[in-house]
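Student: I'd like to learn how to read the contact surface between two protein chains. Could we go through one together?

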Amino acid sequence: MERKNSPASASPSQVIEVNIDIDPDADPPTIPPITNPSPTGDSKACRGGTCDLSYTKDSHERFASMRKLIIAVVLCIIFMTVEVIGGIKANSLAILTDAAHLLSDVAAFMISLFSLWAAGWEATPRQSYGFFRIEILGALVSIQMIWLLAGILVYEAIVRLIHDNGEVKGFLMFAVSAFGLVVNIVMAVLLGHDHGHSHSHGHGHEHGHGHGHSHEHGHGHSHEHGHGHDHSDEHGHAHGHEHEHDHDHDANTMTTYFHHDHHHNKDVKEQLIKKEKKKSKRNVNVHSAYLHVLGDSIQSIGVMIGGAIIWYKPEWKIIDLICTLIFSVIVLFTTIKMLRNILEVLMESTPREIDATQLEKGLCTMDGVVAVHELHIWAITVGKVLLACHVTIAPDADADVILDQVIGYIKRDFNISHVTIQIERQ
Amino acid sequence: MGMQQKKEKESFSYQFPDGDRRLAFSRQPSFLYPSPSPSPSPNPLMQRSHSFTRSDSKDSTSILLMLAALRAVANGSRPIKRLALMISLNVAYSMIELLFGLFTGRVGLVSDAFHLTFGCGILTFSLFAMAMSRRKPDETYTYGYKRLEVLAAFTNALFLLFLSFSLAVEALHAFMQDESEHKHYLIVSAVTNLLVNLLGVWFFRSYARVNIVYWKPEDMNYHSVCLHVLADSIRSAGLILASWFLTLGVENAEVLCLGIVSVAVFMLVLPLFKATGSILLQISPSNIHPSAFNKCSRQIAALEEVLEVSQARFWELVPGYSVGSVSIKVKNGVNEDQILQHVNGLYNDLGIQDLTVQIDYM
C-alpha cells in the first residue's frame, strides 16, 4: 500500500515521545486513521496482480527463520555423524537408534525449510493465492512424523520389554539419552528464541511467546498516534507516517500494548527504528520444528529416567515401558494445539482471532447497509486472512461510498487486508 | 458443469438415503440453505438468504461430538457402515495379535499389530470425516464440514507414502542384514490380514482404480480408504510371497518382494496425493482449464461498461464445488444488477458455484 505523507514527518530531527499507559483489560482506544480519500479508488483495489500475496515484504522474517533452521540442520548432522561413528565403534544398537532419531529430526527440519522456501514463490495463475499453504501442509507432515516417531518409540520400548534377557543396559541407555537431550536442548533454544537479534536492522526486542498462535490481529499491535507509528509488515499495509532515524536510535519510543502474557510487564517501552515491526508470532514451520525438537527432548528425559531406574534396579524393566508411554502422551499433547490451528486453516474456518459476529454487527450498523450475508472469513496461512461477503444496501444509497466505508472498517478494525465485497441493492 | 454432474457414473448400488446428493452441488442460489427463501425480486442473486443462524447446535465438547459421530454412523449410508465394520474387525484383530505377540514374545507380531493400529487410527479419522461431513455450516466453519473428507483422504495418502518409504527401508535393511528366517511365523497373521483387507477392497470395489475423476468429496474419501486396504493387502501378499520364495530357496526373496511392494504402493497413491494436495493448497479448480478462466475475463472486459477485470481468483473447496472472487472496475452510473447477473452467469457455466464480485466505480 502507499505511504501517506503528512507534515509531521517533514523534519527528521524531531523527537516525539508518546507515553500512554493502557489498562491491559480494557479495549484499546480506536483512533481513526488519517486516510486520504483518493478519487482514483486505489485504496480499495490492490495494485498489480498479486498484491501482497507475494510475500516480498515478509522476506526478512522468512530469511531469519530459514537461517535458524539451516543452523539447526547443520548442528544436527554434525551430532548425528558423531553418534554414528561412536555407535559403530562401540557396536551398540542403542546409539545407532538414537542416531536414527536425529536423522528423523533432520528430515523434519528439511520439510520445514522446504516449506519456508516454497512459500516465497510468486503466485501463478493456477495458484492465484500464492504458495503460502505449503507452510501449513509442511507443518502437518511434520506433526504426523512426530506422531509416527512417538509410536515407534513405544514400540521399541515394548521390544525391549520382550527381549528381557540382559540386553538392556541401563547405563548405556542413560548416557545416550543424556547426550541426545543436550543436543535437543541446544536446538530448542536456537529455534525457540525469537528475540530480534537476528534481524539485520538490529532493532529492539521482539518477544516470542510459547504458542504458535497470536491474538494480535484484532487489537494488539501498536496504534498510530499521529506521529509515532509503526510499519506493519505482515499485512502489507504501510500505515502512515515514517520517521527517518539515521542518527539517533532512541528517537521514537512508544508504549505498546501486548495481548499475550509474557514474563515482561504489560507496558513495555519499545524502541522502533525504521521499518521494523515486532513480530510476536512465530512462523508456523519454525514452530513445528521446535515442537519436534521439544518432543524429542521430552522423550529423552523419559528414556533417561527409565535407564536410570533400570541401571539402579535391573529387575523393574516394566518401568521403561511405562515411562515411555507417559512421555509419549505428553509429547502428543504438545502437538494438539498446533494441530488444531492447522486443521482450522485447512478447513477454511474463521480464524480464532477474528470475531465474526462483531464484524457483522458493525457492518449492519453502518448507514445504508440493510443486510449482510454469505460472510466468509478464512485464512491462507496463520497470518493472512481473507474476507468475502455480500452486502445489501438501500436502493438509494451510494454504492461507492459504502464500499469505501465497509472496506475501510474491515481493514482498520480487523486488519484483514484482502477483502471482496459484493454490493447488492435491495 | 451442471450437466456433467448428472452423468451416470459406474454402476454401484450405493443408496443415497437423503436424496440424490449428486445434485447437491448443482446450481443453487445458496450454499447454506438449499431451498431459496421467498423474495419479491426474481433475481437469483437476491435469493440468497440471511447469514448463518447462530442457533445451530454447537457440540463443543468432544464427548458430544463422539456421540454425534456414532449416531451418524448408525444412521449413515452404506459405505459408512461398511467402513465401521472393517475398522472394528481390524481393531479386534490387532488387539488379538498384540496380546499374542506380547505373551509369546514374538517381536514380529507386535510390530505388525502396531502397524495395523496406526492404519486403524487413520481409517477412524476417515470415518469421522464421513460422519461429520453432513453437518450444516455454522459460524466458525462457514463453508461447512465437507473439507474434512479431503483432509482425511490426504492423511490416508500421506500414511500410505510413509508406508511405502518404510517398506523400502525394510527392504534395504533385509538386504544388508541377510537374516531371512524371521518371516516364517508371520504367515498366519499375514494370511488373516490379507483376508480382512480383501474384504475391505470388495466393499469399496468401485474405487479400486488409480486415477479417478472426483465428482463429490466423498469420492476422495472412499478412494483413499480403498487404496489403504489395497496397499495393506498388497503388503500382506508380498510377505506371503516372500516366505514362499524363501521356502523355495530363492535368495534375497524378501528384498525383491518388499521392494516391489514399496514401489507399487508409491505409484498407487501418488495421483490421490497430488489431487488432495492441490485442493488443500488452494490451486485453481482442476476440472476447469485455465484458458477458460482467461476467456471469461476477456468476455467480461469486452462489455462496454467494464473498464478492467482484476484479481480473479478461484479455488476448489471440495471436488465439485468451487469458490471464487473477482474485482471489476466499471464506469460511473452503471446498473450493477445487470453486470452481476451477467458475470455470475458466465462463471456459473464454468462451474464456479460461489462467486463474490466486487464492483468499483471509476
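**Reading the interface**

Tutor: Happy to, and keep in mind that this is a predicted model. Let's start with one pair: R425(A) and E336(B) form a salt bridge, and their closest N and O atoms lie 2.8 Å apart.

Student: What makes that pair count, and how many salt bridges does the rule find across the interface of chain B and chain A?

Tutor: The pair counts because a Lys or Arg side-chain nitrogen has to be within 4 Å of an Asp or Glu carboxyl oxygen. Across this interface the rule finds two salt bridges.

Student: Which element of chain B gives the most to the side that touches chain A?

Tutor: Strand 3 of chain B does, with eight residues. Other elements giving two or more residues include helix 3 (78–104), helix 8 (253–280) and helix 10 (336–350) of chain B. Sorted by class, that side has 31 nonpolar, 19 polar and nine charged residues.

Student: How much area do chain B and chain A bury between them?

Tutor: About 5,400 Å², with 61% of it on carbon and sulfur atoms. In chain B, the residues losing the most area to chain A are L281(B), R313(B) and Q358(B), together 12% of what that side buries. As for contacts, 59 residues of chain B meet 61 residues of chain A.

Student: And what is the secondary structure of chain A?

Tutor: Chain A has nine helices and six strands. Of its 426 residues, 56% are buried.

Definitions and conventions. Residues are numbered from 1 along each chain as its sequence is written. Chains are lettered from A and ligands numbered from 1 in the order in which they are written. This is a predicted model: local features need pLDDT of at least 70, side-chain atom pairs count only at pLDDT 80 or more; totals for chains, interfaces and linings use all residues. Side-chain values use heavy atoms; hydrogens and water are left out. Contact means heavy atoms within 4.5 Å. Buried area is the accessible area (1.4 Å probe) that two parts lose on being put together, summed over both. Helices (H or I, at least four residues) and strands (E, at least two) are DSSP runs, numbered from the N terminus. Ala, Val, Leu, Ile, Met, Phe, Trp, Tyr, Cys and Pro count as nonpolar, Asp, Glu, Lys and Arg as charged, and the others, Gly among them, as polar. Buried means under 20% relative accessible area, exposed over 50%, partly exposed in between (1.4 Å probe, protein chains only).
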